[in-house]
Amino acid sequence: MIERADINSVLMQMRTIKAQVQAPSSDMADIAPEGLKENGVVGRTSFGDILKNAVDGVHDTQVSAKKLAVAYEQGDSSIDLPQVMIAAEKASVSFQAMTQVRNRLVSAYEDIMKMPI
């Protein structure tokens with residue numbers, strides 16, 4: 001059974017990232033997660049930082065899925081097969097999403113490079 005808390009936390013992270021990208025810098029104080037606030041003041045977050053955090057999140061998801069799979073293979077009785085399969089699927093979906101974002105970025109870059117000066 002898929003844990004509702006996991007789905008809700010992933011959805012919340014996705015909504016936060018979407019809001020960060022779409023919001024003007026003056027509205028960032030309302031939507032910034034606690035990790036981006038420093039002494040109650042929200043700093044500007046660059047696109048590169050947002051992208052790096054997203055890639056790091058995908059990497060962390062893949063690492064945790066791999067750890068669960070290895071623990072299951074070694075016979076850890078506290079881990080069951082559905083847990084392993086859900087973690088592996090989350091890692092796969094997050095990687096596919098990251099790949100699609102990369103493809104869109106490359107396409108946008110190519111379009112900009114084709115523009116006449």
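## Overall fold

The protein chain contains four helices and two strands, where helices (H or I, at least four residues) and strands (E, at least two) are DSSP runs numbered from the N terminus. From the N terminus on, the order of the elements is α-α-β-β-α-α. This is a predicted model, in which local features need pLDDT of at least 70 and side-chain atom pairs count only at pLDDT 80 or more, while totals for chains, interfaces and linings use all residues. Residues are numbered from 1 along each chain as its sequence is written, and side-chain values use heavy atoms, with hydrogens and water left out.

## Burial, contacts and surface

Of the 117 residues in the protein chain, 11% are buried. Buried means under 20% relative accessible area, exposed means over 50%, and partly exposed lies in between (1.4 Å probe, protein chains only). Contact means heavy atoms within 4.5 Å. Among contacts between residues at least 6 apart in sequence, 38% join residues at least 24 apart.

The chain exposes about 9400 Å², and carbon and sulfur atoms supply 59% of that area. Accessible areas come from the Shrake-Rupley method with a 1.4 Å probe; for residues, only the protein chains shown count as cover.

Helix H4 covers residues 81-114. Its 34 residues should span 50 Å at 1.5 Å a residue, and the end C-alpha atoms are 49 Å apart, which agrees. The expected span is 1.5 Å times one less than the number of residues. Val84, Ala87, Ala91 and Ser94 of H4 are buried, and the buried residues of this helix pack against helix H3 (47-73).

Serine 94 belongs to helix H4 and counts as buried because its relative accessibility is 18%. A polar atom of the serine 94 side chain lies 2.9 Å from the backbone oxygen of alanine 91. Leaving aside neighbours within four places in sequence, serine 94 is in contact with Val58 and Thr61.

## Valine 10 and lysine 90

Valine 10 is found in helix H1 (residues 4-22). At 33% relative accessibility, valine 10 counts as partly exposed. Although valine 10 and lysine 90 are 80 residues apart along the chain, their C-alpha atoms are separated by 9.8 Å.

## Nonpolar surface patch

Phe47, Leu51, Val55, Val101 and Leu105 make a nonpolar surface patch of about 390 Å². Patches are made of residues with over 30% relative accessible area and no salt bridge; like charges are joined within 9 Å, and nonpolar side chains (Val, Leu, Ile, Met, Phe, Trp, Tyr) within 5 Å. H3 and H4 each supply at least two residues of the nonpolar patch, with the largest share, three residues, coming from H3. One of the patch residues is Val55, which lies in helix H3. With 36% relative accessibility, valine 55 counts as partly exposed.

The structure holds one salt bridge, defined as a side-chain nitrogen of Lys or Arg within 4 Å of a carboxyl oxygen of Asp or Glu. The side chains that meet in this salt bridge are those of aspartate 56 and lysine 52, at 2.8 Å, N to O. Both residues lie in helix H3, four residues apart, about one turn of the helix. Aspartate 56 has 32% relative accessibility and therefore counts as partly exposed.

Methods
Polar contact = N/O pair within 3.5 Å; in protein donor to acceptor, adjacent residues only side chain to side chain.
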